[in-house]
Amino acid sequence: MWYFNSPEVVYGEDALSHLDTLHGERAFIVTDPTILKLGFVDMVKEHLHAAGMQVAVFAEVEPDPSLQTVRRGAEVMRDFAPDWIVGLGGGSSMDAAKAMWILYERPDLDPAGINPFVELGLRQKARLIAIPTTSGTGSEVTWATVLTDTEEQRKLALGARESMADVAIVDPVFTVNLPPQITADTGMDALTHAVEGYTSAWRNDFCDGLCLKAIQLVFEYLPRAYANGSEDLEARERMHNAACIAGLGFGNSMAALAHALGHALGGVFHVPHGRAVSLFLPYTIEFSARGGGTRYAEIARFLGLPAGDEEEGAASLVKAIRDLARQIDQPLSIRELGITQEDFEANLPKLVANAETDTQMVTSIRVPSTEQSEQLFRYAYEGKEIDF
Ligand SMILES: [Fe+2]
């Protein structure tokens, strides 16, 4: 028995006005200082007021939100006693909102102990709305929550199916003026979700179509969104859809090795999530394809790339991903991130240890040994083709 989970998805131009139709008394917005400064919180507030709600705002979510921030937000939330929680921002704000919501409803729980096998009994006090302001994480439609334990220098992937939002509002108005670098990082995250969702060990019939469509949309619209910015509203809207569709796909089939390695790198060197995971994607495709039984050729064929057999298909897909990354000025190796050899070597044992305990490791179609994980990091540092 398996489940396909999804919030209600409201998308496209003016999707935000769906907020006007909500029934409730108090809404609590979880966001970050940049989103506040951009005026997005006011836009959301206006609609919540139109629905007759009182509104409180917690705008202190940092990139890679920490357990400490989540605990603090949950306390403020408890004082306000909302019946709606609104996660507004990128993955960090939406993930922080999910985690704060869990602690608000279940103050007895330790966040590190939250996993898919624990029944939380949420929705006694509030429901959750997720509003993404970047086109990448898909956090608006997934239940996974990534927090950072700042003391341990590692990322914690928490998960509970119940903590998925009730409503996802996918309105491209928030992405029109995204800076090119964020457009590139988050767009490549969406691509990594879709490729890994289609090829993970938990891939399934319900997610395949979503992942393929998202991959196609990213290849078509990410270069345009990156190059044209606010001039190309169509590209913005289609990338926003792509990220959400990829989220629905991988959220129900899981990500894989590129995410395990990327989380490890991000935890130690604070590389933005999308840049970190997508950097590893070509290497993990090469590594996985060498183990056989993969489906990269199917993706390549869907994109119209040469794919006579699995080997050629995987190579075509790797080349297409690297071409796309180059087109949008993304790094292709760890060295290109500006991390010195010395710093890299000093942290290699920690990188390997973090990757091996990452939850996305077990859903990989080919799980590397400790030696292979170390090799993967070394090859990705040098930018070398995987030959093992
Ligand atoms: Fe991701």
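**Helix α11 and the second largest pocket**

Me: Which helix gives the most to the lining of the second largest pocket?
Reply: In this predicted model, the second largest pocket holds about 210 Å³ of space. Two helices, α9 (273–289) and α11 (310–327), each supply at least two residues of its lining. The largest contribution, four residues, comes from α11.

Me: How many residues in the lining of the second largest pocket are charged?
Reply: The lining consists of Glu286, Ala289, Arg290, Glu311, Ala314, Ala315, Val318, Glu385 and Ile386. Glu and Arg belong to the charged class, whereas Ala, Val and Ile belong to the nonpolar class. By this division the lining has five nonpolar residues and no polar ones, and the number of charged residues is four.

Me: What distance does α11 reach from its first C-alpha to its last?
Reply: The helix α11 has 18 residues. At 1.5 Å a residue, a span of 26 Å is expected.

Me: Which elements do the buried residues of α11 pack against?
Reply: A residue is buried when its relative accessible area is under 20%. In α11 the buried residues include Gly313, Leu317, Ile321 and Leu324; Ala314 and Val318 are also among them, and these two line the second largest pocket as well. An α-helix has 3.6 residues a turn, so residues three or four places apart point the same way. The packing partners of the buried residues are α5 (180–199), α6 (205–228), α9 and α10 (296–302).

Me: Which residue caps the N-terminal end of α11?
Reply: The cap involves the backbone nitrogen of Glu311, a residue that also lines the second largest pocket. A side-chain oxygen lies 3.3 Å from that nitrogen, and a polar contact requires N or O atoms within 3.5 Å. The residue that supplies this oxygen is Asp309.

Me: Which residue with a positive phi follows α11?
Reply: Most residues other than glycine have a negative phi. The residue after α11 has a positive phi, near 60°. That residue is Asp329.

Me: What is the relative accessible area of Asp64?
Reply: Asp64 is found in the loop between β3 (54–58) and α3 (67–80). Its phi is positive, about 55°, although Asp64 is not a glycine. The residue is partly exposed, with a relative accessible area of 25%.

Terms used: Residues numbered from 1 in each chain as written. Predicted model: local features only at pLDDT ≥ 70, side-chain atom pairs only at ≥ 80, totals over all residues. Heavy atoms only, no water. 1 Å grid on protein atoms, 1.4 Å probe; cavity = no way out; pocket = protein on both sides within 12 Å on 5 of 7 lines; lining within 4 Å. Points joined across faces, edges and corners; volume = space filled by probe spheres on them. Expected span 1.5 Å × (residues − 1). Buried < 20%, exposed > 50% of the residue type's maximum accessible area, 1.4 Å probe, protein only. Contact = heavy atoms within 4.5 Å. Polar contact = N/O pair within 3.5 Å; in protein donor to acceptor, adjacent residues only side chain to side chain.
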